[in-house]
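Here is a short briefing on one protein model. Keep the structure open as you read.

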Amino acid sequence: DESVSIQVKDRRVEIYGSPWQPQYPGYLTYAEPGFHANQIGEKWNRTIPNSVDILATHTPPKGILDSGIGSDDLTEILVKIK
């Protein structure tokens with residue numbers, strides 16, 4: 001999980017990247033879905049800045065170009081911050 005801000009002409013752009021994904025247990029980037037301790041929703045809720053302009057994750061939000069495997073937790077967080 002990492003965030004960086006860059007200057008683009010006259011605007012600051014905040015980019016955040018997260019390696020976590022809830023689809024493939026056994027991978028180092030796996031985190032269980034949900035909002036309890038050490039679950040993916042709780043991690044994202046704690047770390048994705050409200051001011052993010054570009055979000056890069058290893059899983060899409062549910063219902064957005066997700067082929068049916070998107071994360072409900074990520075969708076919930078994106079609705080909250082934007």
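**Loops and helices in a predicted model**

Asn38 sits in the loop that links strand E2 to helix H1. This is a predicted model. The points below start with that loop, then turn to another loop and to a pair of helices.

- Asn38 has a phi near 65°, a positive value in a residue other than glycine.
- Asn38 is exposed, with a relative accessible area of 57%.
- Gln39 also has its place in the loop between strand E2 (11–18) and H1.
- Gln39 counts as buried, because its relative accessibility is 11% and the cut-off for buried is under 20%.
- Gln39 is in contact with Glu32, Pro33 and Gly34, leaving aside its neighbours within four places in sequence.
- Pro22 and Gln39 are 17 residues apart in sequence, and their C-alpha atoms are 9.0 Å apart in space.

**The loop between E3 and H2**

- Leu65 lies in the loop between E3 and H2.
- Leu65 is not a glycine, yet its phi is positive, at about 50°.
- Leu65 counts as exposed, because its relative accessibility is 85% and the cut-off for exposed is over 50%.

- Which residues of H2 are buried? In this helix, residues 72–81, they are Asp73, Leu74, Ile77 and Ile81.
- These four cover an arc of only 95° around the axis, so they lie on the same side of H2.
- An α-helix has 3.6 residues a turn, so residues three or four places apart point the same way.
- Asp72 and Val79, on the other side of H2, are exposed.
- Helix H1 (40–47) and strand E3 (54–57) are among what covers the buried residues of H2.
- At the start of H2, a side-chain oxygen of Ser71 comes to within 3.3 Å of the backbone nitrogen of Asp73.

**How H1 and H2 pack**

- Two packed helices are described by the angle between their axes and the distance between the axes.
- The axes of H1 and H2 come within 9 Å of each other and cross at roughly 25°.
- Angles under 35 degrees count as roughly parallel, so H1 and H2 are roughly parallel to each other.
- What is the handedness of the crossing of H1 and H2? The crossing is right-handed.
- On the H1 side, the residues that meet H2 are Ile40, Gly41, Trp44 and Asn45.
- On the H2 side, the residues they meet are Asp73, Leu74, Ile77 and Lys80.

Methods. Residues are numbered from 1 along each chain as its sequence is written. This is a predicted model: local features need pLDDT of at least 70, side-chain atom pairs count only at pLDDT 80 or more; totals for chains, interfaces and linings use all residues. Side-chain values use heavy atoms; hydrogens and water are left out. Buried means under 20% relative accessible area, exposed over 50%, partly exposed in between (1.4 Å probe, protein chains only). Helices (H or I, at least four residues) and strands (E, at least two) are DSSP runs, numbered from the N terminus. The arc is that of the directions from the helix axis to the C-beta atoms. Contact means heavy atoms within 4.5 Å. A polar contact is a pair of N or O atoms within 3.5 Å; within protein, one must be able to donate a hydrogen and the other to accept it, and residues adjacent in sequence count only if both atoms are side-chain atoms. Axes are lines fitted to C-alpha atoms, for helices over the stretch in contact, and angles run from 0 to 180 degrees between N-to-C directions. Angles under 35 degrees count as roughly parallel, over 145 as roughly antiparallel, 65 to 115 as roughly perpendicular and the rest as oblique. A crossing is left-handed if the near helix is turned anticlockwise from the far one by less than a right angle, and right-handed if clockwise.
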